[in-house]
Amino acid sequence: EELISIFRAKGYTTLSNEFVDLFAHDVERSFLFEVKSTENRNFRVQARKGIVQLYEYDYFEINKYKKEKDIDFKDKYRILVPSREPTDKKYIKFINSLDLGVGTVDNKKLNPVGKDFGFSKI
């Protein structure tokens with residue numbers, strides 16, 4: 001809910017459904033988020049699930065949405081959002097190598113963990 005309010009306050013169109021936690025876009029940029037409840041001991045397990053979900057939902061749900069709306073975006077970001085900031089920096093680096101961002105939400109702000117994959121553009 002906090003993520004949705006961040007994007008709506010900035011004028012982004014948002015979509016969420018039984019699969020997609022949040023898809024937000026403006027005319028040029030889109031952000032697909034997968035939110036995972038994590039503790040440091042289960043971060044890798046939850047992150048693996050989230051990685052697959054980001055690619056799967058992008059392929060099926062977001063492509064369908066873009067086709068229905070006849071839209072495309074110059075910049076497209078997929079971001080995993082763990083409930084706690086992970087301490088496993090090696091795994092964050094691995095996730096970033098897949099062209100995926102990792103971020104946490106705090107005080108109505110999305111904070112990048114590892115490489116900034118468009119977070120500063122929000």
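**View 1. Gln-46 is a buried residue of this predicted model.** With a relative accessibility of 13%, Gln-46 counts as buried, because buried means under 20% relative accessible area. You will find Gln-46 in helix α2. Leaving aside residues up to four places away in sequence, Gln-46 touches Lys-36, Ser-37 and Thr-38.

**View 2. Helix α2 meets helix α3.** Here we look at residues 43–69, which form α2, and residues 89–97, which form α3. Two packed helices are described by the angle between their axes and by the distance between those axes. For α2 and α3, the axes come within 11 Å and cross at roughly 5 degrees. That makes α2 roughly parallel to α3, because angles under 35 degrees count as roughly parallel. Which residues of α2 and α3 make the contact? On the α2 side they are Phe-43, Arg-44, Ala-47, Arg-48 and Ile-51, and on the α3 side Tyr-91, Ile-92, Phe-94 and Ile-95.

**View 3. Helix α3 has buried residues along one face.** The buried residues of α3 are Tyr-91, Ile-92, Ile-95 and Asn-96. Seen down the axis of α3, these buried residues fall within an arc of 145 degrees, so they line one face of the helix. What do the buried residues of α3 pack against? Their partners are α2, β4 (75–82) and β5 (101–106). Now turn to the other side of α3, where Lys-90, Lys-93 and Ser-97 are exposed.

**View 4. Asp-70, Asp-99 and Lys-108 each have a positive phi.** Most residues other than glycine have a negative phi. Asp-70, which is not a glycine, has a positive phi of about 55 degrees. Its place is the loop between α2 and β4. Is Asp-70 buried or exposed? At 72% relative accessibility, Asp-70 counts as exposed. Just after α3 comes Asp-99, with a positive phi of about 65 degrees. Lys-108, also a residue other than glycine, has a phi near 60 degrees. Look for Lys-108 in the loop between β5 and β6 (109–112); with a relative accessible area of 64%, Lys-108 is exposed.

**View 5. The chain averages a pLDDT of 94.** Among the elements of the chain, α2 has the highest mean pLDDT, 98. The lowest, 90, belongs to helix α1 (residues 2–9).

Conventions. Residues numbered from 1 in each chain as written. Predicted model: local features only at pLDDT ≥ 70, side-chain atom pairs only at ≥ 80, totals over all residues. Heavy atoms only, no water. Axes fitted to C-alpha atoms, helices over the stretch in contact; angles between N-to-C directions. Helix = DSSP H or I, 4+ residues; strand = E, 2+ residues; numbered from the N terminus. Parallel < 35°, antiparallel > 145°, perpendicular 65-115°, else oblique. Contact = heavy atoms within 4.5 Å. Buried < 20%, exposed > 50% of the residue type's maximum accessible area, 1.4 Å probe, protein only. Arc of directions from axis to C-beta. pLDDT = per-residue confidence, 0-100.
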